[in-house]
Amino acid sequence: LEKALEVAPYSLSYRRTLALRKEMDGDSERALAIFRGGLETDDREQKIAAYTDITNYHLDRDELPHSVEAYEQALALVTE
């Protein structure tokens with residue numbers, strides 16, 4: 001999956017699957033870094049998806065302030 005994400009860095013499926021696998025392996029820090037890697041784009045829709053994944057990541061851990069922050073970032077990018 002890491003190689004696949006290198007080849008297709010905008011693949012939400014690869015990014016989410018890899019991050020979830022890292023989380024299951026107990027590497028939460030790496031999982032969050034993978035999700036944050038989705039923010040390294042100029043594509044607004046990709047950034048919204050990345051912020052949504054980060055929101056859910058924090059919600060799953062009951063980290064409400066971080067979750068709200070990421071969600072607000074996503075909403076700021078929505079134009080419609």
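Biologist: Is Asp62 buried or exposed?
Modeller: Asp62 is exposed, at a relative accessible area of 73%. Buried means under 20% relative accessible area, exposed means over 50%, and partly exposed is in between (1.4 Å probe, protein chains only). This is a predicted model, in which local features need pLDDT of at least 70, side-chain atom pairs count only at pLDDT 80 or more, and totals for chains, interfaces and linings use all residues. Residues are numbered from 1 along each chain as its sequence is written, and side-chain values use heavy atoms, with hydrogens and water left out.

Biologist: Where is Asp62 found?
Modeller: Asp62 sits in the loop between helix 4 and helix 5 (64–77). Helices (H or I, at least four residues) and strands (E, at least two) are DSSP runs, numbered from the N terminus.

Biologist: And what is the phi of Asp62?
Modeller: Asp62 has a positive phi of about 55°, although this residue is not a glycine.

Biologist: Changing topic: at what angle do helix 2 and helix 3 pack?
Modeller: Helix 2 (residues 12–24) and helix 3 (residues 28–37) pack at about 165°, and their axes are 7 Å apart. The axes are lines fitted to C-alpha atoms, for helices over the stretch in contact, and angles run from 0 to 180 degrees between N-to-C directions. The two helices are therefore roughly antiparallel to each other. Angles over 145 degrees count as roughly antiparallel, under 35 as roughly parallel, 65 to 115 as roughly perpendicular, and the rest as oblique.

Biologist: Is the crossing of helix 2 and helix 3 left-handed or right-handed?
Modeller: Helix 2 passes helix 3 in a left-handed crossing. A crossing is left-handed if the near helix is turned anticlockwise from the far one by less than a right angle, and right-handed if clockwise.

Biologist: Which residues make the contact?
Modeller: Helix 2 contributes Arg15, Arg16, Leu18, Ala19, Lys22 and Glu23, and helix 3 contributes Ser28, Arg30, Ala31, Ile34, Phe35 and Gly37. Contact means heavy atoms within 4.5 Å. By class, the residues of this contact are five nonpolar, two polar and five charged. Ala, Val, Leu, Ile, Met, Phe, Trp, Tyr, Cys and Pro count as nonpolar, Asp, Glu, Lys and Arg as charged, and the others, Gly among them, as polar.

Biologist: Is Arg15 buried or exposed?
Modeller: Arg15 is buried, with a relative accessible area of 10%. Not counting residues up to four places away in sequence, Arg15 touches Leu5, Pro9, Ile34, Phe35, Gly37 and Gly38. The C-alpha atoms of Arg15 and Gly38 are separated by 7.6 Å, and these residues are 23 apart along the chain.

Biologist: How do helix 3 and helix 4 pack?
Modeller: Helix 3 and helix 4 pack at an angle of about 155°, with axes 8 Å apart. That makes helix 3 roughly antiparallel to helix 4. The contact is made by Ser28, Ala31, Leu32, Phe35 and Arg36 of helix 3 and by Ala50, Asp53, Ile54, Tyr57 and His58 of helix 4. These residues divide into six nonpolar, two polar and two charged.

Biologist: How many aromatic pairs does a search of the whole structure find?
Modeller: The search finds one aromatic pair. The rings of Phe35 and Tyr57 have centres 6.1 Å apart and planes at 65°, so the pair is edge-to-face. Rings of Phe, Tyr and Trp (its six-membered ring) pair if their centres lie within 6.5 Å; planes under 30 degrees apart count as stacked, over 60 as edge-to-face and the rest as tilted. The pair links distant parts of the chain, with Phe35 in helix 3 and Tyr57 in helix 4 (residues 44–60), 22 residues apart.

Biologist: Are Phe35 and Tyr57 buried or exposed?
Modeller: Both Phe35 and Tyr57 are buried.

Biologist: And at what angle do helix 2 and helix 4 pack?
Modeller: Helix 2 and helix 4 pack at about 20°, with their axes 12 Å apart. That makes helix 2 roughly parallel to helix 4. The contact is made by Leu12, Arg16 and Glu23 of helix 2 and by Gln46, Ala49, Asp53 and Tyr57 of helix 4.

Biologist: Which residues is Gln46 in contact with, leaving aside its neighbours within four places in sequence?
Modeller: Gln46 is in contact with Tyr10, Leu12, Gly38 and Thr41. Gln46 is buried, at a relative accessible area of 19%.
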